Amino acid sequence: MNYRFQFGVVWENFPQLLEGAWLTFQLGVFAFAGGAIVGLLGAAIKTYGPWPLRLLVDTYVVFITNTPALIQIYFLYFGLPEVGLRWSNEACLLIGLTLNAGAYLTLILRAGFISVRVTEIEAGQTLGMSLIQQIRYIVMPHIAKSIYPALANFFIVVLVMGTSVGALIGVDELTGQAINLSSVNYRWLEYFTVVAGMYVVLTFIASIGLALLGRWVFRVKARIF
Amino acid sequence: MERILEQAPRFFSGPNLTLLFESAMLTLGMTLAGCLIGFGFAFVLVFLRQTPGLWALPLRLVCITYVEVFRRIPFIVVIYLVLFFIQTVTPDASLFTIAVIAICLYAVAYTADIIRGGLESVPATQVEAAQAMNLSRLQTNLRIVLPQAWPVIVPPAIAFAVSFIKDTALVSQVGVFELTFRGKELNNQGYSGILVFGTIAFCYFLLSFPLSLLGQHLEKRLATPRGERRTRKIRQP
Amino acid sequence: MPHLAVSDVRAKYGSLEVLKGISFSIEKGEIVALVGPSGSGKSTVLRALMGLTPITGGDVDLAGERLNYSSSREVRAARDRMAIVFQQYNLFQNMTVMQNLTLAPLKIKRWDRAEVEAEARRLLGLVGLSDKIDAYSDQLSGGQQQRVALARALALKPQILLLDEVTSALDPELVGEVLDAIRKLAAEGMTMVIVSHEMGFVREVADKVVFMDAGQIIEAGTPAELFDTPKTDRAQNFFSNILRH
C-alpha cells in the first residue's frame, strides 16, 4: 500500500471538528432527555395505564424498535414537507432521535418499574411512609439500582449511533463535519481516523461522568468500560 | 395525501416490488454474512484475550482495546474508514464486500462481549475440574465451557444480529443497493417521501420483527434445559 | 519409602501465605485425614498437590519420583498421577454420567475405548449407580452426583486419590451413601488423602490424622492419639469443641 497519510490538513481544520463534537454532545443530551420523558410516560402507561393506551404504547415501541432510526428520520425529513411542515435538519434529527430513544427507554424504564417489589412497598406502608416517602426511599433507589447501568449504556448508544445519523441529512455534527471537510480535500482516511478517535474520547468523558454521577447521586456502580 | 393515493398504484407495481424484495434480501444477506463471520472472529478474539501469562499481555490489551474502541465509534464512521481503506488497498473491491467487512468489524466487538459474558457464566469450578484432569485450555473451552455457555451466548447474539439489520441502513451511504438506498432512489424518482419511507420502514419491520420473536422464543427454550437444575445447598461445617 | 511424601510445602494466595511449610507422608494403601478449622489450609494442601494453587516452596515425592510444579508440563505430569474429588462435585453439566467418566481416560490418557467403558461400568457398580449411566448431573441428587464424581476420579486410575470435603455440600441424609462408597475404596486398598469434617468417619477409616491450623501442621498421629489424647492446646480445643456437637 503506497498511501501516504497526511494529517496536517486535519489539524488545520480541527476547530471545526471540535464544533462538530460539541454539537454531537448537545444532540445526544437533548435526544436522550427527550427520549427519557417519552420513555417515562410510556413505561408509566405500560405499567398503570388502561388497555387501549397500553396497546398504543406497545404498538409504538414495536414499530420503532423494529425499524431503523435512519428511516424514521428520513420519513420526517422527506415526508413532512409534503404535509406542509418545514422543519430544519436539526429539528428533524432531534425529533426523530427523541421518538426513537423514547421507545427503547420505555422498555428500559419499564424493567425498572417492574423491579420494585410489592412487598417492599407494603413494608414501607406499614412503617407509616407517605406516598412521596415511598417513592423517594423505596421506588427510586430500586429503579436507579436496577436500570442505571442500562441507562448509562443507552446514553452512549444515542451519543454515538444516534447522533451520527444526522450526517446523512446534512446536520454538521462530528461525522457530518468530517464528511464536509474531507469532500473538499479528499483526505477521507485521515479525517475519519481522527474523528473515530474523537468519538472514543467523547464517549469516555461521558462514561466517566455517568459513572461518577451514578456513584454520587444513585449510589450505584456503573461500569466505565 | 392525494399525492400518495395517486402514486400508490404505480409505486406498488410489480417491478418496484421485485426491486424492494431484492434489496431486502441484500440487507438480510449482508447482515447475516457480516454477523456470522464476525461471530467466528469474536471467538478467536475472546480466546486470545484469555491467554494467560505475562508475555501475552500486549495481546490481551489489543483485544480489550479493539472491543472498547469499536463500541465507541459510530457505524457510519467505520463504514467510511473501511470504504476508503479498502479502496486504497484494492480499488476494485465490490461495495457489498466493503459493507460486509464493516458489519463484520462491528459485530466482532459486540459479540465478543456477549461470548465473554457467556463463558464467564460457566462456574470456574467446572474449569478447575477439567484442569485437574489435564484437559488443555482448548479442550476445556470446546468440551466443557462452550457447550454450557451456548444457551447464554446464542439469544443475545441473535438479538444483536437482528437489531443490526436496522443499523445496516447506514450502508446505503456508500451505494450498496440495499433497502434504504432503494428508498432514496425511489424518492428521487419523485415518489412521495411518506409513501416511500413508510414502505421501506415496513420492509425493515417485516425482516426484523419475526426474527426478533424467533430469538425470544429460542431464549425461552434454551433457558430451561433438560430437567430442572437442582439448587445446591452448601451446609456450613 | 513412603508412597507420598510432602515436605515443607508452602503456598501463597496473593501476598497471604496459606501454607507455611507442610510435611507429612503416606504409605501405600493408607488413608490420611487432614482436619482443622475452616481456613486452616487443609483444602489448599490438596489443591497444591493438584497444581491448582501454585506451590512456592518445598518438595513432593510420589512413588519414589519427585513431582516438580515449576512448569505447566510438570504440573500435567503431577495431575496425570493423582485425582481429586471436589466439595461441589463439579460434574460436567453438559455431559452424561458415562461421558463424565470416560472423557479424560479417552481423550487425555488415550486408553482403549472398550476397556475404558467396561471400567466405567464397574466403577458405577461400585458406587451403586449402574442405572444412572445415561443421566445428566441435574437429574441426580447431590449424593448421587458426588458418587459419580468419585467414580470419575477412580476412572483415571490415580496412584493417589484426594477427597476435598466431599460430604460438606450434601444434605445430612445423603452423607451416608457417599461415605459407604469411600469405605469400599478403603477396603480395596486405595491410597487417599481426605479433608473432612466428619470426625466419626475419619476416626473409623483413617490410618493417620493430621491436625492443621493457620497453614501449619499442629499435631499428627493415629486417630486414637489425636481424638482421645491430643497433646497441644489447639488440638484439644478443636476436638473437644467438634466432638461435643
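Reader: Thanks! What share of the contacts in chain B with a separation of 6 or more comes from residues 24 or more positions apart?

Author: In chain B, 76% of those contacts are between residues 24 or more positions apart. Two residues are in contact if their C-beta atoms, placed from the backbone, lie within 7 Å. Please keep in mind that this is a predicted model, where local features need pLDDT of at least 70 and side-chain atom pairs count only at pLDDT 80 or more, while totals for chains, interfaces and linings use all residues. Residues are numbered from 1 along each chain as its sequence is written, and chains are lettered from A and ligands numbered from 1 in the order in which they are written.

Reader: Got it. How many helices and strands does chain B have?

Author: Chain B has nine helices and zero strands. Both kinds of element are DSSP runs numbered from the N terminus, with helices (H or I) of at least four residues and strands (E) of at least two.

Reader: And what does chain B span along its principal axes?

Author: The C-alpha trace of chain B spans about 80 × 45 × 25 Å. Its radius of gyration is 23 Å, whereas a compact globule of 237 residues would have one near 18 Å. That radius is taken over C-alpha atoms, and the globule rule is 2.2 Å times the number of residues to the power 0.38.

Reader: How much of chain B is buried?

Author: Buried residues are 41% of the 237 in chain B. A residue is buried if 20 or more other C-beta atoms lie within 10 Å of its own, exposed if 12 or fewer, and partly exposed in between, with C-beta atoms placed from the backbone.

Reader: Switching to interfaces: which chains have the most contacts between them?

Author: Chains A and B do, among the two pairs of chains that touch. The contact takes 35 residues from chain B and 30 residues from chain A. On the chain B side, α9(B) gives the most, with eleven residues. By class, that side of chain B has 20 nonpolar, ten polar and five charged residues. Here Ala, Val, Leu, Ile, Met, Phe, Trp, Tyr, Cys and Pro count as nonpolar, Asp, Glu, Lys and Arg as charged, and the others, Gly among them, as polar.

Reader: Where does chain C come in, and how many of its residues are in contact with chain B?

Author: 27 residues of chain C are in contact with 23 residues of chain B. Helices α2 (72–81) and α3 (97–107) of chain C each supply at least two residues of that side of chain C. Chain A and chain C do not touch, and their nearest C-alpha atoms are 25 Å apart.

Reader: Nice. In what order do the six strands of the open sheet in chain C run?

Author: The order is β6-β7-β8-β3-β9-β10 in chain C, with mixed pairing. Two strands pair if DSSP finds at least two bridges between them. The edge strands are β6 (82–85) and β10 (216–221) of chain C, each pairing on one side only. Strand β9 (residues 208–213) of chain C pairs with β10(C) in the antiparallel sense over five bridges, and Phe211(C) has Glu219(C) as its bridge partner there.

Reader: What about β1(C) and β2(C), how many residues lie between them in the hairpin?

Author: Two residues lie between β1(C) and β2(C), and Gly14(C) in the turn has a positive phi of about 70°. Strands β1 (residues 4–13) and β2 (residues 16–26) of chain C pair in the antiparallel sense over eight bridges. Val6(C) has Phe24(C) in β2(C) as its bridge partner.
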